[in-house]
Amino acid sequence: MRVLEQFSVEGRSALVTGGASGLGLAYVEALVENGARVTLADIDVDAAIREAARLREQGFEVHVQALDVADREQTRLVFEEHVRRFDGLDIVFANAGIDPGAGFWNPGGWRNEDGQVDTLDPARWDRTIAINLTGTFNTLRMAAKYMKPRRHGSIVVTSSNAAVITEPVVGLPYMPAKAGVSHMVRQLALELAAFGIRVNTIAPGGFVTNIGGGWLKDSDVRQSWDAKVPLGQLADPEQIKALALYLASEASSYMTGAQLVIDGGTSLGRVG
Ligand code: NAD
């Protein structure tokens with residue numbers, strides 16, 4: 001088999017949480033453009049319907065499901081519907097996640113009054129953990145349930161380089177949520193290997209998406225973030241597609257429990 005053929009996901013079925021925007025939408029595009037049939041599950045139903053319609057117009061098979069990953073029962077129903085519709089489940093991207101708001105430092109360059117450990121609204125903690133950490137667990141348990149009997153599957157989890165570095169402008173709850181996600185993946189990779197299920201993590205740095213209301217799109221914020229990246233700038237979601245396809249497909253057949261950092265070198269430290 002030629003090496004590029006190993007990247008094909010032709011005929012596979014995939015479920016992507018948070019697939020209506022940003023990195024999740026890039027995963028959906030990478031999958032359908034390479035032959036997969038996809039359930040795009042998202043809490044933002046309007047965006048999900050819009051993006052799925054656009055992709056269907058191009059001839060791709062995309063099914064929309066309304067999903068809040070923090071809701072365990074809804075997550076169960078979305079997986080059940082996927083398996084019924086596509087007669088199985090080969091690939092899952094556990095990607096849905098939120099930004100809890102600015103950290104102890106504001107992107108504008110001053111201490112953020114609402115982002116200190118003693119001033120942070122605990123509701124922000126609860127919601128971030130419920131979606132980013134528990135929501136990922138809710139997704140992974142359903143992925144395992146439906147993949148185990150068939151003894152194959154690839155699960156790809158969007159963590160963050162925040163799992164391995166500290167970052168003053170990112171809200172406190174985000175950091176342990178992502179560190180928890182990354183370590184959960186390693187534990188599950190060990191548990192599920194015997195069932196032919198691979199579990200890997202993508203740990204992105206700054207990608208310009210709609211996260212946090214799209215604050216990385218602001219030109220001043222953008223400039224100050226670009227300056228922090230050794231490769232010189234924040235990334236476009238297009239730049240994550242090849243990695244997503246690599247992990248989803250047989251191209252990565254001997255890889256499990258890996259965390260692939262894609263952050264332009266940010267986690268290596270600052271330059272200059
Ligand atoms: P985004 O806001 O553009 O997309 C996130 C999608 O998830 C949206 O469509 C949103 O509606 C959906 N979503 C939010 N809460 C949900 C819920 N409870 N249930 C289901 N869907 C939900 O953001 P993004 O940057 O593409 O983020 C995707 C993932 O990437 C997140 O896990 C995020 O933490 C992670 N990440 C992003 C960056 C970055 O710089 N953009 C960096 C590291 C990690």
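Predicted model: local features only at pLDDT ≥ 70, side-chain atom pairs only at ≥ 80, totals over all residues.

Strand β4 and strand β5 (residues 153-158) pair in the parallel sense, over four bridges. I looked for a facing pair and found Ile91 opposite Ser154 in β5.

Next I checked β4 against strand β1 (residues 13-17). These two also pair in the parallel sense, with three bridges. Here Leu15 stands opposite Val92 in β4.

Then I asked: are the faces of β4 covered or open? Both faces are covered. I listed the side chains of β4, which spans residues 91-94. Ile91 and Phe93 lie on one side, Val92 and Ala94 on the other, and all are buried. I noted the general rule: in a regular strand, side chains alternate between the two faces of the sheet.

I followed the chain from β4 to β5. Together with helix α4 (residues 122-147), they make a right-handed β-α-β unit.

Last, I turned to two helices. Packed helices are described by the angle and the distance between their axes. I looked up both for helix α1 (residues 22-33) and helix α8 (residues 241-248): the axes come within 9 Å and cross at roughly 60°. That angle makes α1 oblique to α8. The crossing of α1 past α8 is right-handed.

Which residues make the contact? From α1 I wrote down Ala26, Tyr27, Glu29, Ala30, Leu31 and Glu33. From α8 I wrote down Lys241, Ala244, Leu245 and Ala248.

Conventions. Residues numbered from 1 in each chain as written. Heavy atoms only, no water. Buried < 20%, exposed > 50% of the residue type's maximum accessible area, 1.4 Å probe, protein only. Pairing = 2+ DSSP bridges. Right-handed = clockwise from strand over helix to strand, strands pointing away. Axes fitted to C-alpha atoms, helices over the stretch in contact; angles between N-to-C directions. Parallel < 35°, antiparallel > 145°, perpendicular 65-115°, else oblique. Left-handed = near helix turned anticlockwise from the far one by under 90°. Contact = heavy atoms within 4.5 Å.
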